[in-house]
Amino acid sequence: MFTGIITDIGAIERLETRADTGGDMHARISTSYDTTAVELGASIACSGVCLTVVDKGPSWFAVDVSGETISRTARDQWSEGRRLNLERALKLGDELGGHIVTGHVDGIGTIDAIEPDGGSHRVTVIAPADIAPYIAAKGSVTVDGVSLTVNAVADRTDGTTAFDLNIIPHTWAVTALGDLTAGRAVNLEIDVLARYLARMQERLATA
């Protein structure tokens, strides 16, 4: 469980493809975390993807990324040099500064536009049709692991949804969102409360 509050920016230092596992990857990721305090088997969200630490050393940790995970996350995310938003798993008693985040990617969005807005940046993201109903103005959404508030939503004729985000200077500086460009794919996770509410409404409608 995570909150979407990024605590470090890492980078993929090395990738190895495991041919004997059908395309799984082993990734070494740089970090400023004190890795002596990170247990093997611990969970770290890497740009919104919950992964398990399988090895570690000073200023780095390693994870195994399955072919299934690679197929369901943003294209080009798993490439050497790519910066990643990092968050360690939530502990009991920690401050819940963002919202409840599971680290499971629900869909892949596409950055449509980025425009300066005062000292902030206004970012427009296109969400695929299957998760579009779960995105609402003033609701929460996770973009590449970052908990953000949706400013506005515009449904499109092809079933997709465009939604606007206002990224304040602090968030732009302390996350990898500053790397965003138009056309870039991003990992999206919808608000878990919206998911459960939709399921309840579905059950009530068929009762």
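Predicted model: local features only at pLDDT ≥ 70, side-chain atom pairs only at ≥ 80, totals over all residues.
Residues are numbered from 1 along each chain as its sequence is written, and side-chain values use heavy atoms, with hydrogens and water left out.

Strands are DSSP runs of E, at least two residues, numbered from the N terminus, and two of them pair if DSSP finds at least two bridges between them. In general, strands of a sheet pair through backbone hydrogen bonds, either parallel or antiparallel.

Strand E1, residues 8-18, pairs with E6 in the antiparallel sense over four bridges. If you want a spot to look at, Asp-8 has Leu-86 in E6 as its bridge partner.

Now find strand E3, residues 43-46. Four bridges join E3 to strand E4, residues 49-57, and the two run antiparallel. Here Ile-44 stands opposite Leu-51 in E4. The hairpin of E3 and E4 has two residues between the strands, and Ser-47 there takes a positive phi near 50 degrees. E3 is also joined to E6, by three bridges, again antiparallel, with Ala-45 opposite Glu-87 in E6.

Okay, next barrel. Six strands close up in the order E7-E8-E11-E10-E9-E12, and the pairing is antiparallel. Neighbouring strands in this sheet are turned by 45 degrees against each other on average, direction ignored. As one example, E9 (residues 140-143) and E12 (residues 185-190) pair antiparallel over three bridges, and Thr-142 has Glu-189 in E12 as its bridge partner.

Let's zoom out to domains. The assignment, which is automatic or comes from a database, gives domain 1 as 8-88 and domain 2 as 107-206. Their C-alpha centres lie 23 Å apart.

How many residues of domain 1 are in contact with domain 2? It's 13, and they meet 15 residues of domain 2, with contact meaning heavy atoms within 4.5 Å. Between them the domains bury about 1,100 Å², 40% of it on carbon and sulfur atoms. Buried area here is the accessible area (1.4 Å probe) that two parts lose on being put together, summed over both. In domain 1, Arg-75, Arg-83 and Asn-85 lose the most area to domain 2, together 43% of what that side buries.

Across this interface the rule finds one salt bridge, that is, a side-chain nitrogen of Lys or Arg within 4 Å of a carboxyl oxygen of Asp or Glu. The side chains of Arg-83 and Asp-179 meet in a salt bridge at 2.9 Å, N to O. And strand E6, residues 83-88, supplies the largest share of the domain 1 side touching domain 2, with three residues.

Terms used
Axes fitted to C-alpha atoms, helices over the stretch in contact; angles between N-to-C directions.
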